[in-house]
Amino acid sequence: MHPATATAWYFWKEHRWMVTGGIIAFPVIVVLSHLLPDSHHYVVARIVVAVPFVAVMFPRFAYAMEADLAGRASMFPARMFTQPRTTCALVGWPMLYGTCAIALMWVAVVQLVFRPGGFVVPRLWPALILATTMAWFQALAWRPFALPWMRLVVATGATIAATALVAIAIASGCSANAITMGLAATIPLAYVTAVRGLSRARRGDEPDWRWLWERTRHAARECTRCVPTFAAVGTWLSSRAKYITCGFVGQPPSFPSAEQAQVWYETRRNAIGTWVLTVLGVLLASVMVIFSQFNPMLAPESPLRSPLLLLLVPLWVAPVTGGLFGRCGPNAKNVALTAFLGTRPLTSKTLVAAKFRAATRAGLVALAITLVACLILMTALNGWATLAAQWRFVTGDMSPVQRAALPVVAGLVLVILGVWKPLLVNMCIGLTGRRWLISTAAGGFGVVLAIVCFVAGWLHAHSDYHDFGLATLPWVLGAVAAFKLVLGAWTLSALHRHRVFEPRWIILLPVVWLAAVLTLVGLARWYLPSPWAPWQFLLSIVILFVPLVRLAAAPLALAWNRHR
């Protein structure tokens, strides 16, 4: 079989269900796009339903579904190294298919989904940029690295450098086509990089710099001993670093109990990814904020100029890493519980509790990293005066007590609902270990989001139905909240029926949840005027936001995965 045919057959065999679903769904989206009126009110809905067709191609064509993105080894399937094909063929045909497929998909999305609705988007230069991104994504994925997480660090550094070069070129007066052609000209360089990296991986010549971390930690510990003030701090930091990195470098530490060992395992496996993604997201957001300071097209009060934009980083990192904490298999393709975890001398309740503890630690550290970076950037850009003016504008009509309590309330809401909730509730579906259920849940969320966007756009375009929509919204939210309460009661009864928790804990969980709901509703009523937010509306919103069902169903999901 020719290498081109063999590569195409492999992609079809591995992703035939996704391709079949896309072949069925994309024509439906195209027909709906032509049936909708030519209006800018449906732009968000079109983006929500069309962009995933482009985004899902990156991990598929880079073989990233079967490997660890944070690992040192090449993500190229090792079983393909023994095929009677040259390294150039192993790299060339997947890269050719990936770059052409993503470029053609962008052109199809623009021509068949965006433009029929009056959303004019360029076709050529975004397609070339996507093709270039695909080529470099494959090159970095297939190249072995010397340290864990080094692949993500290099990718972020390259993204920041490319963004800086593009900004400089725009400031120098270069056209968009010239910049795009310059970026597309780097595709051959990405091919050469991928070939050289895969050649090293194929012959087993992978660099290993893990000794560097151990020597750096030892040198830092010796330096802190010279200063008595920092000796205790240095010892504590060294012990924490050893606690987290053991397994990557050195032997795992010893633990007094299996529960503590499981918490360490979950922290080392998933929390480091949360922190690395947070640091990389903070770097990208900081670069965007710094460039926005010198963009004359943005207004002085634009949110893109504010260092507070960095606080949004944990809000998108938490849902992503929540799915990682729920992962029980070795990679995104094999999601079933591994034999190592399934045979641990721990109950399903204890395993879930270990994941919850590790996720809570990861979320708090990620939020601390973001706050420190925000304070540093705020000081560097002299943003305290602007922040003070915004504070006076927001708290102008508040009482002194409300003004004093606002930072604490905002911080608690950010931690609990913005970081802790997405981390914990997004792991429930992954704990089931059923790939079809995970795919169905992700697809169902996308469909619901698209329907909400279409309905919101339709209501926004038809002002005659605004009053009807505002009157119907509380009833819809109330019905969904009532359904959640019924589902929560069924989940608690299932916990009691399967004897996962003791009866006192099953009673305590809804009591704590109810107290949290009433507290948040009271705080919302305290800060928001009554005409803006009736208590029925606030109660439904808070019930939907405070986790209950997925939090209680997590042990049941893991037990279902564990006892197949």
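Modeller: Happy to! This is a predicted model, and its largest cavity has a volume of about 70 Å³.

Colleague: Which residues are the closest to its centre?

Modeller: Those are Y10, E14, H15, M65 and E66, out of the 11 residues that line the largest cavity.

Colleague: And which elements give two or more residues to the lining?

Modeller: Helix α1, residues 3–35, and helix α3, residues 57–61. The largest share comes from α1, with three residues.

Colleague: Okay, new topic: helices. At what angle do α20 and α21 pack?

Modeller: Helix α20 covers residues 503–527 and α21 covers residues 535–545. They pack at an angle of about 135°, and their axes are 9 Å apart. That angle makes α20 oblique to α21.

Colleague: Is the crossing left-handed or right-handed?

Modeller: α20 and α21 make a right-handed crossing.

Colleague: Which residues meet there?

Modeller: From α20 you have W513, V517, L520, V521, A524 and R525. On the α21 side they meet W535, L538, L539, V542 and I543.

Colleague: And how does that contact split by class?

Modeller: The contact of α20 with α21 has 10 nonpolar residues, one charged residue and no polar ones.

Conventions: Residues are numbered from 1 along each chain as its sequence is written. This is a predicted model: local features need pLDDT of at least 70, side-chain atom pairs count only at pLDDT 80 or more; totals for chains, interfaces and linings use all residues. Side-chain values use heavy atoms; hydrogens and water are left out. Axes are lines fitted to C-alpha atoms, for helices over the stretch in contact, and angles run from 0 to 180 degrees between N-to-C directions. Helices (H or I, at least four residues) and strands (E, at least two) are DSSP runs, numbered from the N terminus. Angles under 35 degrees count as roughly parallel, over 145 as roughly antiparallel, 65 to 115 as roughly perpendicular and the rest as oblique. A crossing is left-handed if the near helix is turned anticlockwise from the far one by less than a right angle, and right-handed if clockwise. Contact means heavy atoms within 4.5 Å. Ala, Val, Leu, Ile, Met, Phe, Trp, Tyr, Cys and Pro count as nonpolar, Asp, Glu, Lys and Arg as charged, and the others, Gly among them, as polar. On a 1 Å grid over the protein atoms alone, a cavity is a set of points where a 1.4 Å probe fits but cannot get out, and a pocket is an open set with protein on both sides within 12 Å along at least five of seven lines; lining residues have an atom within 4 Å of a point. Grid points are joined across faces, edges and corners, and a volume is the space filled by probe spheres set on the points.
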